[in-house]
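Hi there,

Here is the structure I promised to pass on. Please have a look at it first, and then read my notes below.

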Amino acid sequence: MSLEARIEQYFAAGAACVGDKDALAAFQELRAGLEAGMLRSAEPDASQPLGWRVNAWVKRGILLGFRLGQMIEMAGEPLSFVDKDTYPARRFGAEQGVRVVPGGSSVRSGAFLAKGVVVMPPAYVNVGAFIDEGTMVDSHALVGSCAQIGKRVHLSAAAQIGGVLEPVNASPVIIEDDVLVGGNTGVYEGTVVRTRAVLAAGTILTRGTPVYDLVNGTVLKATAESPLVIPEAAVVVPGSRAVAKGKGAEWGLSVYTPVIVKYRDEKTELSTALEDLLR
């Protein structure tokens, strides 16, 4: 029986699978595949409308791990932790080529970090996340559960990449190659950021937030079938739009909205040239 079939079987069994050694073995095989980058909760697929396919069974397997796990004390110096024994913190060897700088960062088991990834303290990478080669996870950044981060991405200080485990069919946040995510930026609810986009500091992207493209004169929104998608090479900054009705209009109020002010050009490339030095 395939790993997918076993995961589906044990997940469907509910609480009855707790204590089942075969269920635990299936989960451990899944977790090892995630850590090796061989399994992903979402992966590129040119046949799909968004160019990505969600592997819902992988997310069910991650949830199965929480169901099977037992709360234990995880000793450490000078700190100790209490968590499910199925999800200890990952440890890296020098041969893996992942640079985890001392100072309070944690990578949960079941997350994949490729060669050349840098994690600055303190930062957190949750289960199911996939971080590709040459990406930097800066101080106070969060990579949420199942988030997919491409090559040579910079998640600047305090950037928040939202996670998703439930509903299991929902798309995770996807940040494609060569994206710059500015400080204190938040990307949530399955948003897709296409390659080479730049998100300026303080930008917030969610399913319910329209994005105004000043260059093309369009408004980008999520739909019931599709998440919010930021176009390739777009430069997105925090903006505002006037409240047109009621007391908001009377009081001259405005609400936050992201704005695409340009598309990446040579000047933008110069402003992001610091990436090579940081690595």
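One thing before you start: this is a predicted model.

Let me begin with the sheet. Six strands form an open sheet with parallel pairing, in the order β7-β10-β13-β16-β19-β24. At its edges are β7 (112-113) and β24 (229-230), each of which pairs on one side only. Within the sheet, β10 (residues 130-131) and β13 (residues 148-149) run parallel and are joined by two bridges. If you want a spot to look at there, Phe 130 stands opposite Gln 148 in β13.

Now to helix α2, residues 21-35. With 15 residues at 1.5 Å each, α2 should span 21 Å, and this agrees with its end C-alpha atoms, which are 21 Å apart.

Which residues of α2 are buried? They are Ala 23, Ala 26, Phe 27, Leu 30, Arg 31, Gly 33 and Leu 34. Looking down the axis of α2, you will find these buried residues within an arc of 160°, so they line one face of the helix. An α-helix has 3.6 residues a turn, so residues three or four places apart point the same way. The cover over the buried residues of α2 includes α1 (3-12), α3 (56-68) and strand β7. On the other side of α2, Lys 21 and Asp 22 are exposed.

At its start, a side-chain oxygen of Asp 20 comes to within 2.8 Å of the backbone nitrogen of Asp 22. After α2 comes Gly 37, with a positive phi near 75°.

Enjoy exploring it!

Best wishes

Definitions and conventions: Residues numbered from 1 in each chain as written. Predicted model: local features only at pLDDT ≥ 70, side-chain atom pairs only at ≥ 80, totals over all residues. Heavy atoms only, no water. Pairing = 2+ DSSP bridges. Helix = DSSP H or I, 4+ residues; strand = E, 2+ residues; numbered from the N terminus. Expected span 1.5 Å × (residues − 1). Buried < 20%, exposed > 50% of the residue type's maximum accessible area, 1.4 Å probe, protein only. Arc of directions from axis to C-beta. Contact = heavy atoms within 4.5 Å. Polar contact = N/O pair within 3.5 Å; in protein donor to acceptor, adjacent residues only side chain to side chain.
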